[in-house]
Amino acid sequence: MTRKISFLLMFCFMLTSAWAQNIEFEEYDLDNGLHVILYQDNSTPIATVAVLYHVGSKNEPPGRTGFAHFFEHLMFEGSPNIKRGEYFKIIQAAGGSLNANTSNDRTYYYQTLPSNQLELGLYMESERMLHAVIDSVGIATQKEVVKEEKRLRVDNQPYGSILEKMLANAYKGTNYEWAPIGSFEDIDAATDQDFVDFYETFYVPNNATLSIAGDIDIKETKKLVEAYFGEIKRGTKDIPRPEIEAPKLDGTVEATVFDNIQVPAVIQGYRMPPQGTEDYYALQFLTQLLSGGQSSRFQKSLVDEKRMALAVQAIPLALEDGGLFINFALPNQGYSTEDLAAEVDKMVEQVKTEMVPEREFQKLKNQIESNFISGYGSVQGIAESLANYHVYFGNAGLINTEIERYRKVTREDLMRVAKKYLVPENKVELTYRPKSEQEQPGETKLKKEGGNR
């Protein structure tokens, strides 16, 4: 026992010591509005060049959904100096890797390269920002790519439409109503000029953050940044920033979705406050409490002990102007979705009425600190975090201090936010059932009921 306690103390000390070493970085703006963040770490001969554009599905006008995600693909089509289809080949031939992703709030591109190829990474990203090819050939090509992705990941993926259905019910009437994947109809209906206008509005220096991390020399990197990005003109169009306010719900919104599945599921979503707020951090603790690993409450009670569920998980969808606290549960044989939903509700109610024991709370804090710190184990992770903190919070320095916001969370906070947010009038509940149970093929049944089930 003494040996075990000693190990735990040593582990906690290691975590604290690791975080005592602040991530030192420099940041500045170019004349065209591009925000630049530089982090030097010469321990490994690699560097990440990343660009975060502050545009996601939230910024799309109704009738033009899916544009931000479409541009995630379209911006790899090339430029006047990079042949169509060559973008990936050039980076990979230099020993690098690259990718991009789109959310409701942002579009993010990154390349991780041997540090002697830093200039190549800067050149490639500057070409994308300066004059990406937006033409009928590339648009037609990427339309098929995006459609196939939607078929694979949403339409034909078991439970693949959860995000679409959750957002549609929880944020109806706002720009969070649709998922980043968008719709085929909107993309097909758009003209080439619609795509050009979207590019000229959002993919401009004054809507972008360039984050470079790794084996670099700060002084030389600044020169390269100026050489490749300084000539790009500032965008001249107004950049839409829709205000998202979660609509009032008259009790729990319930929806039944018939899907290509064998095992039914129940998914509960509670609207969350924006990321970065005090309540947001307390809800992160609740996520960890309910489903953070094999010793979590959902796992121990519903899967291991009662054997009511094949799997239960709490998943926080953090967004810039809101979000969803999602509980996903698959019933075991012999139990219905109604049985399982009622049991999940009981465990949520328990958090509202019973204080989390001190020992369990301390374990949560240790887990959260460990997860937080491990996220900065690579220059790629650091580059992304620095960009995120600047764009979402206006303070890249939070990479060193945000952990203190988690540390301020108390047991009382957990009970308070559970009572405030995990309530029927803030809840959407989806029940997924096999298509074989559907009365009319191709139909999705939706209903809205007030109050509790």
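**View 1. Helix α14 is largely enclosed by the rest of the structure, since 11 of its 15 residues are buried.** Buried here means under 20% relative accessible area, with exposed being over 50% and partly exposed in between (1.4 Å probe, protein chains only). This is a predicted model, so local features need pLDDT of at least 70 and side-chain atom pairs count only at pLDDT 80 or more, while totals for chains, interfaces and linings use all residues. Residues are numbered from 1 along each chain as its sequence is written, and side-chain values use heavy atoms, leaving out hydrogens and water. The helix covers residues 379-393; helices (H or I, at least four residues) and strands (E, at least two) are DSSP runs, numbered from the N terminus. Among the buried residues of α14 you will find Ile382, Leu386, Tyr389 and Tyr392. From first C-alpha to last, α14 reaches 21 Å, close to the 21 Å expected at 1.5 Å a residue (the expected span is 1.5 Å times one less than the number of residues). Glycine 394 follows α14, with a positive phi near 70°.

**View 2. Helix α10 is mostly covered, with 13 of its 14 residues buried.** The helix takes in residues 278-291, and its end C-alpha atoms are 21 Å apart, which agrees with the 20 Å that its 14 residues should span at 1.5 Å a residue. After α10 comes glycine 293, whose phi is positive, near 100°.

**View 3. Histidine 73 sits in helix α2 (residues 67-74).** Histidine 73 counts as buried because its relative accessibility is 16%. Look beyond its neighbours within four places in sequence, and histidine 73 is in contact with Gln142, Val145, Val146 and Glu149, where contact means heavy atoms within 4.5 Å. The side chains of histidine 73 and glutamate 149 are joined by a polar contact of 2.9 Å. A polar contact is a pair of N or O atoms within 3.5 Å; within protein, one must be able to donate a hydrogen and the other to accept it, and residues adjacent in sequence count only if both atoms are side-chain atoms. Glycine 138 lies 65 residues from histidine 73 along the chain, and their C-alpha atoms are separated by 9.6 Å.

**View 4. Strand β5 (residues 107-114) is mostly covered, with 7 of its 8 residues buried.** Strand β3 (residues 46-53) pairs with β5 in the antiparallel sense over 8 bridges; two strands pair if DSSP finds at least two bridges between them. Valine 49 stands opposite glutamine 111 in β5. Strand β4 (residues 97-102) also runs antiparallel to β5, joined by 6 bridges, and threonine 102 stands opposite threonine 107 in β5. β4 and β5 form a hairpin with 4 residues between them.

**View 5. An open sheet of 5 strands has the order β7-β11-β8-β10-β9, with mixed pairing.** At the edges are β7 (253-259) and β9 (309-319), each pairing on one side only. From one strand to the next, the twist averages 15°. β9 and strand β10 (residues 322-331) pair in the antiparallel sense over 10 bridges, and glycine 323 in β10 is the bridge partner of alanine 318. Helix α11 (residues 297-305) lies across β9 and β10, running at about 155° to β9; axes are lines fitted to C-alpha atoms, for helices over the stretch in contact, and angles run from 0 to 180 degrees between N-to-C directions.
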